[in-house]
Amino acid sequence: MARTLPSDPGGPLAAAEKPSKPPAVATVLRTPELQSLRSIYPHRLIVEAVREQLKQERGGSREPTGRLEAIRSSLSEATSPRLLPVINATGVVLHTNLGRAPLSPRAVQALVSIAGRYSNVELDLESGKRGDRQTLVQDLLCRLSGAEAAMAVNNNAAAVLLALQSLARNREVIISRGQQVEIGGSFRMPDVMKLSGSRMVEVGTTNRTRAADYEAAITGRTAALLRVHTSNFNVVGFTETTSLRDMADIANRHGLLLIDDLGSGAMVAGSEPAVAESVGVADVTTFSGDKLLGGPQAGVVLGRLVAIRRMERSPLARAVRVDKMTLAALEATLLDHLLGSETPVARMQGMGVDEIRRRSNVLRSELNQHGIESSELPATSVMGGGSLPGNQMPTVLLALAGAATALATRLRRGRPAVLCRIQDGRCCIDLRTVLPNEENQLLEAILAAARSAPNHRRCEPA
Ligand SMILES: *Cc1c(COP(=O)(O)O)cnc(C)c1O
């Protein structure tokens, strides 16, 4: 460290080495170069950025050279959105970390038309009287599911909480030990039950719960039987669960309610877990709007009129109510189902391996023209988001040559970010979850990531 020594006061060398003191904030603010920023950023933000820059210069972590550029880029960074679009090349269709269901064009259009304007969210245009936001989607939900009544709340966790709170508070709810599910984050069934004020009564064992187990646990304090779809794991081997129908028989015989948390419900006939089947026997059925339904984050509640009315009247309903943006996107998604237009989620779910291979081949030959080597790798995609565990869809991965983790990191840090998956030690792209209009961006992103690789393996351009 060349510092001025006390024994060497002054001298030409010492003077040259002495770090120049950063100027005052006001001085920098007056420089002509900074004026260009004034048309973009408010004064306060510029002052903060200048102050921070000068502080760093004083601390020695930034150089005065390139001061303006540093200020400009810190302002740009501070005012750029943090929530960014991401290309999902993982093959996990309902990836919770990536926002689950991408919305359909109809749902996106509905958001655009409602978001920036006033709407009739709580106004009956016919009578001019105050309306109920729930009526906006109620009819569609009932029509699609065959349910007597319906409501939409913030998410499925809220739907379950509201059902338990309004229908079973201070009473007992019987649940199988095999359905003590943790969904992820802090959504654990026993905790939700405690929060709702209902008392959980566990029956059976992890792998087997019989009808008689439920029956034996019923007391004068029992309010309901609860079934929770084991949506993110499978219990295999020596197992037995009580069917929803048998649970309904027990509930009916004892005058109890049957609540069914489906987790991921699809309106489509024949798909699991079937909403229609649940609606036929349960008093309340709940599921997420952004799982197999393919819509926005929401909790869909279907069921008998008396039960839904009690849920609507709970003060908690207000705390978990949906806003107009959700209603707009949910209504549009339900219209998609009614009109038979495929949601992006359904499209991805139904995509055959031939189509994925064809798209993969197109991308591979484009990459090849840029000298980037790749190969085909057979694999499986999954629904994810706690839907259809164990249900794997055959796919074809595009496996990029080169150091997998380094490549994956560069792809993730690129803009748009690309989330890929590492399989067999290779950085892989599963085109099932890449939207068709993202393919060009994906190509550019891979090219950029490969170019910045220190020594990526190239093949001879074809
Ligand atoms: C996903 C899931 C939930 C939570 O739903 P959110 O919409 O994420 O709140 C609750 N129960 C089950 C069984 C689930 O699969």
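Into which domains is the protein divided?

**View 1. The domains of the predicted model.** The protein is divided into domain 1 (19–78), domain 2 (86–93 + 347–451) and domain 3 (104–341), with bounds that come from an automatic or database domain assignment. The centres of domain 2 and domain 3, taken over C-alpha atoms, are separated by 34 Å. This is a predicted model, in which local features need pLDDT of at least 70 and side-chain atom pairs count only at pLDDT 80 or more, while totals for chains, interfaces and linings use all residues. Residues are numbered from 1 along each chain as its sequence is written, and side-chain values use heavy atoms, with hydrogens and water left out.

**View 2. The crossing of helices α7 and α15.** The axes of α7 (residues 135–145) and α15 (residues 324–339) come within 10 Å and cross at roughly 30°, the axes being lines fitted to C-alpha atoms over the stretch in contact, with angles from 0 to 180 degrees between N-to-C directions. The two helices, α7 and α15, are therefore roughly parallel to each other, a term used for angles under 35 degrees. On the α7 side, the contact (heavy atoms within 4.5 Å) is made by residues including Leu136, Val137 and Leu140, and on the α15 side by residues including Leu327, Leu330 and Glu331.

**View 3. The buried residues of α7.** In α7, the residues Val137, Gln138, Leu140, Leu141, Cys142 and Ser145 are buried, that is, under 20% relative accessible area with a 1.4 Å probe, counting protein chains only. These buried residues of α7 pack against β2 (149–153), α12 (275–281), β10 (299–303), α13 (305–313) and α15. After α7 comes glycine 146, whose phi is positive, near 80°.

How values were computed. Helices (H or I, at least four residues) and strands (E, at least two) are DSSP runs, numbered from the N terminus. Angles under 35 degrees count as roughly parallel, over 145 as roughly antiparallel, 65 to 115 as roughly perpendicular and the rest as oblique. Buried means under 20% relative accessible area, exposed over 50%, partly exposed in between (1.4 Å probe, protein chains only).
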